[in-house]
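Colleague: I am new to this structure and would like to know what stands behind the labels. Please show it to me, and then I will ask about them.

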Amino acid sequence: SSGLFASGDPLSALCRQGLSPITRRPSTDAMHPMGRPVRSRISALSAHVCSARRGFATRPVEKLLVANRGEIAVRIMTAAKALQIPTVGVYAAPDKECMHVKTADEVVEVTNPHVAGAVAPYLHPAGIVGAAKQTGATAIHPGYGFLSESYELAKLCEEAGITFVGPPKEALHLFGDKVQARGLAVRNDVPVVEGCTDLPDAAAARAFIEEKKLPFPIVLKAIHGGGGRGMRVVRKWEELDEMFARCTSEAATAFGDGSLFLEEYLENARHLEVQVLADGQGGAVHLYERDCSVQQRHQKVVEFAPARGLSEELRKKITDSALKLVHASNYRSAGTVEFLVRGDLSDPNARFVFMEMNPRIQVEHTVSEEACQVDLVQSQLKIAGGASLADLGLLQDQISLKKVSIQCRMSMMPGGKGTLEKYNFPPGTTSFTQGGEIRIDGLGYLGLSPSLMYDPLLAKVIVSEAINGNLEGAYESARAKSLTVLDDFEIVGVNTNTGMIKNIL
């Protein structure tokens, strides 16, 4: 604490920072909620991932703080432990019994002295960095959501000499502004939809639509938005003023900025996204594409990789476009470049347009990991420590599609008792690691009462099938096996969307 506090009582200072005293695991082995022994301490002596390299400041990832909760926090901790990196978890009070708290080697309760609410502690950059300083963590992984795209967190990490496991802060600033990202795409000859980036009010939107003779529907989007929030589809003139006001209000509430832009709206389009990985030293690769077209209220429900029926010519155009943006932004770490495709995926000349880039790990990174047999989170940690893609054996000609992989997002629904009375995986299931045919990344365990104050995602069911020269057969096998796994995954005590997912499959 002498390095963190100049004077005064350390405990009082911790509380002012939104932190509580650290909880260290006992020296005896604890038990994972799923029955596996968990090592309580891991020596930092063998935790060095890589030495510093040219191009950006690096230091070995000796101890990792995971600035997230739930399944993604456990996923990151699992990857870190595979690399013998000790982990620190953070939690808000309602998450005290969450699985990531039980999985971390050390935990710190965080609060937000400025904003109330269950989510607020996870959105307090100074508190997160303070927790890292308090525990001696040398790196922070933000996961997805919360502060994963926070320029402020990346900046505070840089100032504190802590490694941010993600892209440079400049890339976060660039891709966090959808207008700037769109401009980068235009400058690099990546196709975009017709749109207007300067909309002070609904009257300006009306004038642009008339000038360009854009047909309805059009879509209004928050400049700093994401996750389907701050977005409204407008289907006729009479809706424009009301939708503009609603979208502005929602964007201001969700992102602190009500600025909007307008684009033509492509109906009946496929949502394809390219998984990219870059080392910040000039190396960049793609791990092919995912099809994320199955959505409910703009939230993804079922994702799969690779896209079914995609022509090789169209695939090359899309993945080349994604890598153009990666190189142009001097990107580092994992990221996802999203596109809309209008027309038949088998048509090499089908129209595709850039939508946005998410500069972080995604919920659905799992299907790309399984399809290409690459651990993306371990790769992030190694790159953060200074490794190049060449060091990792991840040059483009070394990456190929080996499996078809389908992910189903199992979410909690209203009703039920609220406590997991049964939470039993099918035989042969792996968790939080790449490689098995059946993988479930979930936050549940017997007796847990999942908090309803956070995202309702309960588990991600990932089923994969080797291609072995029969791509179409692998799709069908993975689909059929997914149905069986959903039947065999026993969850009692909370209601889920399993029925809807089975109907989709």
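Colleague: What makes Glu289 count as buried?

Modeller: In this predicted model, the relative accessibility of Glu289 is 2%. Buried means under 20%, so Glu289 counts as buried at 2%.

Colleague: Why is the pair of Arg315 and Glu289 called a salt bridge?

Modeller: The closest N and O atoms of Arg315 and Glu289 are 2.8 Å apart. The cut-off is 4 Å between a side-chain nitrogen of Lys or Arg and a carboxyl oxygen of Asp or Glu, so the pair is called a salt bridge. The pair links distant parts of the chain, with Arg315 in helix H10 and Glu289 in strand S14, 26 residues apart.

Colleague: Is Arg315 buried or exposed?

Modeller: Arg315 has a relative accessible area of 7%. With the limit for buried at under 20%, Arg315 is therefore buried.

Colleague: How do you know that Arg409 forms a salt bridge with Glu303?

Modeller: For Arg409 and Glu303 the closest N and O atoms are 2.6 Å apart, and the rule asks for within 4 Å. Arg409 lies in strand S18 and Glu303 in strand S15, so the pair ties together parts that are 106 residues apart in sequence.

Colleague: What makes Arg409 and Glu303 count as buried?

Modeller: Arg409 has 13% relative accessibility and Glu303 has 0%. Buried is under 20%, so Arg409 counts as buried, and so does Glu303. Arg409 and Glu303 also belong to a network of salt bridges, with Glu273, Arg290, Lys300, Glu338 and Glu364.

Colleague: How many salt bridges does the rule give?

Modeller: The count comes to 39 salt bridges.

Colleague: How many disulfides does a search of the whole structure find?

Modeller: The search finds zero disulfides. A pair of cysteine sulfur atoms would have to lie within 2.5 Å.

Colleague: Why do Cys247 and Cys372 count as buried?

Modeller: Cys247 is at 0% relative accessibility and Cys372 at 1%. The label needs a value under 20%, so Cys247 counts as buried, as does Cys372.

Colleague: What share of the protein counts as buried?

Modeller: Of its 505 residues, 55% count as buried.

Terms used. Residues are numbered from 1 along each chain as its sequence is written. This is a predicted model: local features need pLDDT of at least 70, side-chain atom pairs count only at pLDDT 80 or more; totals for chains, interfaces and linings use all residues. Side-chain values use heavy atoms; hydrogens and water are left out. Buried means under 20% relative accessible area, exposed over 50%, partly exposed in between (1.4 Å probe, protein chains only). Helices (H or I, at least four residues) and strands (E, at least two) are DSSP runs, numbered from the N terminus.
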